[in-house]
Amino acid sequence: MKILNFGSLNLDYVYQVEHFVQPGETLSALSQSVNCGGKGLNQSIALAKAGAEVYHAGCIGAGGERLARELAENGVDTSCLITVEDIQGNAVIQVDRSGENCILLFGGSNRDITPEMVRKVMERFEPGDYLVLQNEVSCLPEMVAEAKARGMKVVLNPSPFEESLLHLDFNAIAWLLVNEVEAEQISGKKDPDAAWQLIHGKYPGLSMVVTLGKEGAVCYTPEGRTEQKAYLSSVVDTTAAGDTFTGYFLTTLTEGMEIGECMRRASRAASISVSRAGAAVSIPGRQEVEKALEDI
């Protein structure tokens, strides 16, 4: 079973700060680094480190050559990448003393994906393969439609949330992976259980995972509800925590593990990632996660 991640590729300009910059304020950063990132790249690396056979499709723009190398060096198949002339997608990330972050995103090359590229890439995939999507690239409706026609299982992480996402064919989506804010934005319900009831009523074939930060996570399927506590760790940078959770949850799911075990492994991997600085570089490998679970 293959996983295609049609996702974003960003250069992350990360600034460590005392506090997030306020309107009208000029603030000196404590340090600066340039890292490989983007929700798409982070999730592909998390999937690969968790043990999945993952293919990344997307656009490499000017200045983004190191992103393709980063994917390949971490075990991701890069044969679906194309090179474009546009500037590479990038993000400016502030990380405060507590490890929380705020992100300013510029799409750049990530918005150069075309319907023709979508069709060409997906010719390589078969019924039962997974398609992983976020909202940092162009042509999401075309991707969902093409995957549905091919019998692929669509996984959507609707981040960053925009109203246009509500026009996607949610009947074609197998899994919705959201945080509590995104769950409310989609459903209009603040309580995750209420959000699930509304979403399940509209799309009975869909399953959903809601991550709740320090409160853990909860998984909803047509068969039932599964809670998972958060594992405590020293927080340094939360940037890749959600992407790490996604990668480990989906990998173990495709391996046929029970939902509870998928949630447990994903939560432990995410707790390790927040204890480290950087995005893609903070994602732990599978052996490290399994050892951490044994040590609990």
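## Strand E11 and its partners

Strands E11 and E12 (residues 217–221) pair in the antiparallel sense, with four bridges between them. In this predicted model, Met208 stands opposite Tyr220 in E12. The two strands form a hairpin with five residues between them; Gly213, in the turn, has a positive phi of about 60°.

E11 also pairs with strand E10 (residues 173–179), and here the strands run parallel and are joined by five bridges. Asn179 stands opposite Thr211 in E11. Strand E11 (residues 207–211) is mostly covered, since four of its five residues are buried.

## Aromatic pairs

The structure holds five aromatic pairs. One of them joins Trp175 and Phe249: the ring centres are 5.3 Å apart and the planes stand at 70°, so the pair is edge-to-face. This pair links distant parts of the chain, with Trp175 in strand E10 and Phe249 in helix H7 (residues 241–254), 74 residues apart.

Trp175 and Phe249 are both buried. Together with Phe245, these residues are linked by ring pairs into a cluster.

A contact of another kind involves Tyr231: the charged end of Arg268 sits over the ring of Tyr231, 5.5 Å from its centre.

Ser187 lies in helix H5 (residues 180–187). With a relative accessible area of 10%, Ser187 is buried, the limit for that class being under 20%. A polar atom of the side chain of Ser187 lies 3.0 Å from the backbone nitrogen of Lys189.

Leaving aside residues up to four places away in sequence, Ser187 touches Ala195, Leu198 and Ile199. Ser187 and Ile199 are twelve residues apart in sequence, and their C-alpha atoms are 6.7 Å apart in space.

## Cysteines

A search of the whole structure finds zero disulfides. For Cys219, the closest cysteine sulfur is that of Cys262, at 8.2 Å, which is too far for a bond; a disulfide requires the two sulfur atoms to be within 2.5 Å.

Cys219 is buried, with a relative accessible area of 1%. Cys102, by contrast, is partly exposed, and its relative accessible area is 26%.

Technical notes. Residues are numbered from 1 along each chain as its sequence is written. This is a predicted model: local features need pLDDT of at least 70, side-chain atom pairs count only at pLDDT 80 or more; totals for chains, interfaces and linings use all residues. Side-chain values use heavy atoms; hydrogens and water are left out. Buried means under 20% relative accessible area, exposed over 50%, partly exposed in between (1.4 Å probe, protein chains only). Contact means heavy atoms within 4.5 Å. A polar contact is a pair of N or O atoms within 3.5 Å; within protein, one must be able to donate a hydrogen and the other to accept it, and residues adjacent in sequence count only if both atoms are side-chain atoms. Two strands pair if DSSP finds at least two bridges between them. Rings of Phe, Tyr and Trp (its six-membered ring) pair if their centres lie within 6.5 Å; planes under 30 degrees apart count as stacked, over 60 as edge-to-face and the rest as tilted. A charge sits over a ring if NZ of Lys or CZ of Arg is within 6 Å of the ring centre and within 35 degrees of the ring normal.
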